[in-house]
Amino acid sequence: MKTKTESKIPAARNQYTAQFKEQALERAGRDGIPTVAKDLGLAESMLYSWRAKRRQTDRPFEEQKPQQAEMARLKRVVPGWKRKWPS
């Protein structure tokens, strides 16, 4: 049985480059998300999430970085500020 301190330790998260995401999605377009997820050791939901985010912004991941940085800055500066991604 886990103690309270063990359950509060955050799990380490992998960070993937914009290039990796783009290549994974390109391959998923050809081979299908389930196949690519299994080959790369990713959860299918991660690839679906990346695809949805790219479709929502209609921009490659590399171009989203400045916008994400500005959103993070605004969230720190203006408490409670939220904005939906452009459609």
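What percentage of contacts between residues at least 6 apart in sequence join residues at least 24 apart? I looked this up before anything else. The value is 37% in this protein. Contact here means heavy atoms within 4.5 Å.

I am working on a predicted model, in which local features need pLDDT of at least 70, side-chain atom pairs count only at pLDDT 80 or more, and totals for chains, interfaces and linings use all residues. Residues are numbered from 1 along each chain as its sequence is written, and side-chain values use heavy atoms, with hydrogens and water left out.

**Elements and burial**

I looked up the secondary structure. The protein has 5 helices and 0 strands. Read from the N terminus, the order is α-α-α-α-α. Helices (H or I, at least four residues) and strands (E, at least two) are DSSP runs, numbered from the N terminus.

I then checked burial. The protein has 87 residues, and 17% of them count as buried. The cut-offs are under 20% relative accessible area for buried, over 50% for exposed, and partly exposed in between (1.4 Å probe, protein chains only).

I took the helix pairs next. Two packed helices are described by the angle between their axes and the distance between the axes. Axes are lines fitted to C-alpha atoms, for helices over the stretch in contact, and angles run from 0 to 180 degrees between N-to-C directions.

The classes are under 35 degrees for roughly parallel, over 145 for roughly antiparallel, 65 to 115 for roughly perpendicular, and oblique for the rest.

I listed the residues that meet. Helix 2 brings Phe20, Lys21, Glu22, Ala24 and Leu25, and helix 4 brings Leu47, Trp50, Arg51 and Arg54. By class, this contact of helix 2 with helix 4 has 5 nonpolar, no polar and 4 charged residues. Ala, Val, Leu, Ile, Met, Phe, Trp, Tyr, Cys and Pro count as nonpolar, Asp, Glu, Lys and Arg as charged, and the others, Gly among them, as polar.

**Helix 3 against helix 4**

Helix 3 covers residues 33-40. Helix 3 and helix 4 pack at about 120°, with axes 8 Å apart. The two helices are therefore oblique to each other. I noted the contact residues. Ile33, Pro34, Val36 and Ala37 of helix 3 touch Glu44, Leu47, Tyr48 and Arg51 of helix 4. They divide into 6 nonpolar, no polar and 2 charged.

**Salt bridges**

How many salt bridges does a search of the whole structure find? I got 4. The criterion is a side-chain nitrogen of Lys or Arg within 4 Å of a carboxyl oxygen of Asp or Glu.

Arg54 pairs with Glu22, the closest N and O atoms being 2.7 Å apart. Arg54 lies in helix 4 and Glu22 in helix 2, so the pair ties together parts 32 residues apart in sequence. Arg54 is partly exposed, at a relative accessible area of 26%.

Arg30 bridges to Glu26, with the closest N and O atoms 3.7 Å apart. These two are 4 residues apart in helix 2, about one helical turn. Both Arg30 and Glu26 are exposed.

Arg27 bridges to Asp31, with the closest N and O atoms 3.5 Å apart. Arg27 is partly exposed at 25% relative accessible area, and Asp31 is partly exposed at 40%. I also found a network of salt bridges linking Arg27, Asp31 and Asp39.
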